[in-house]
Amino acid sequence: MDIFFYLSKILWKFIIPGNFFVLLFIAVIILLWTKHIRIAKVMLSIIAVLTIFVSIIPLGNIILYPLEQEFKINPNLPDKIDGIVVLSGAVNAKSTSILGQVQVNEQIERDLMFMSLAYKYPNAKLLYTGGSSRLINQQLKGANAGKRFLKSQGFDIDKVVFESSSRNTYENAVLSKNIIKPKKDENWILITTAWHMPRSVRVFRKVGWEVIPYPVDYKTNSRNIYDFSFNFSVKLSRLEVGFKEWLGLLAYSLTNKI
């Protein structure tokens, strides 16, 4: 299990779209220095075409949209909610640790909704789950960073159970279930980013924990799916997010985690 975890992390670094562009450039430079000029010209042409294609075609939005639309935004919740689970990732653990000040990112809606629903359902159990997916600096835990954020907002962290040993979504579900031991007739809300919700729900169901999906932090909508404006950095970033998530779904399916 540990070997698979570390190998998958290393492999991802090589196939991530942005890094793939860098590897292509390195290959071209090597070809130029070894005087394979014709092959280098062909590869440079391919890179140019790919760059223009990624800059204009909203591939990221196109592949993220179906993920984000699988579950309803602002779902109708039952009157009785027994617990609320939020996946970490909204607070940058490394920056928060180094700077000594809470540093949030664009996924902060996860934690904001967690607090909002906690106030709405004061009797619900609260769980914040997330360790570290890093190959090194495993001490930088997502749950610990989240605890600092909640505390900075005046939220009563004594009401929250923090799970900080998980390294991925599957371990979020397994370790959280082992701690909470939810009953089959209980209503638990699961909060995470919209594009990550399909994999998360499938994982929780796989371990026998039925949850109510509450997706937040949407990147796409019906108006920006086909945004053909020229913006390489934004569209590459969206493409990487979508590519990683679909790859995650495939990997989890092949390893029987969903």
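Predicted model: local features only at pLDDT ≥ 70, side-chain atom pairs only at ≥ 80, totals over all residues.
**Entry 1: L117 and the cores**

Setting aside neighbours within four places in sequence, I found L117 in contact with L77, I84, I189, I191 and Y214. I then turned to the nonpolar cores. The largest nonpolar core holds 31 residues, and L117 is among those with the most contacts inside it, together with I84, F114, Y128, L150 and I191. I noted that β1 (83-87), α6, β2, α7, β3, β4 (188-193) and β5 (212-216) each supply at least two residues of this core. Helix α6 gives the most to it, with 5 residues. I also recorded a second, separate core of 16 residues, which includes L127, A173, I180 and F204. As general background, nonpolar side chains tend to be buried together in soluble globular proteins.

**Entry 2: the sheet**

I traced the strand order next. The 5 strands form an open sheet in the order β3-β2-β1-β4-β5, with parallel pairing. The edge strands are β3 and β5, each of which pairs on one side only. From one strand to the next, I recorded an average twist of 20 degrees. Helix α8 (residues 169-180) packs on this sheet, where it touches β1, β2, β3 and β4. The direction of α8 makes about 135 degrees with that of β3.

For individual pairs, I found that β1 and β2 pair in the parallel sense over 5 bridges, and that G83 has K125 in β2 as its bridge partner. Strands β4 and β5 likewise pair in the parallel sense over 5 bridges; here the bridge partner of L190 is P213 in β5.

**Entry 3: burial of β5**

I asked which residues cover the two faces of β5. On one side I found I212, Y214 and V216, and on the other P213 and P215, all buried. As 5 of the 5 residues of β5 are buried, the strand is largely enclosed by the rest of the structure.

**Entry 4: V201**

I placed V201 in helix α9 (residues 197-206). V201 has a relative accessible area of 0% and is therefore buried. Not counting residues up to four places away in sequence, V201 touches F71, L190 and P213. I also checked V201 against V161: the two are 40 residues apart in sequence and 20 Å apart in space, C-alpha to C-alpha.

**Entry 5: helix α7**

I listed the buried residues of α7 (residues 142-152) as G142, A143, A145, G146, F149 and L150. Seen down the axis of α7, the buried residues fall within an arc of 155 degrees, so they line one face of the helix. In general, an α-helix has 3.6 residues a turn, so residues three or four places apart point the same way. I then looked up what the buried residues of α7 pack against, and found α5 (93-99), α6 (109-120), β2 (125-129) and β3 (160-163). Just after α7, I noted that G154 takes a positive phi of about 80 degrees.

**Entry 6: helices α2 and α10**

I examined the packing of α2 (residues 17-33) and α10 (residues 232-254). The two helices pack at an angle of about 115 degrees, with their axes 8 Å apart. Helices α2 and α10 are therefore roughly perpendicular to each other. For the contact itself, I recorded P17, G18, N19 and F21 of α2. On the side of α10, the contact is made by F232, L236, L239, E240 and F243.

Notes. Residues numbered from 1 in each chain as written. Heavy atoms only, no water. Buried < 20%, exposed > 50% of the residue type's maximum accessible area, 1.4 Å probe, protein only. Helix = DSSP H or I, 4+ residues; strand = E, 2+ residues; numbered from the N terminus. Arc of directions from axis to C-beta. Contact = heavy atoms within 4.5 Å. Core = buried A, V, L, I, M, F, W, Y, C linked by side-chain atoms within 4.5 Å. Pairing = 2+ DSSP bridges. Axes fitted to C-alpha atoms, helices over the stretch in contact; angles between N-to-C directions. Parallel < 35°, antiparallel > 145°, perpendicular 65-115°, else oblique.
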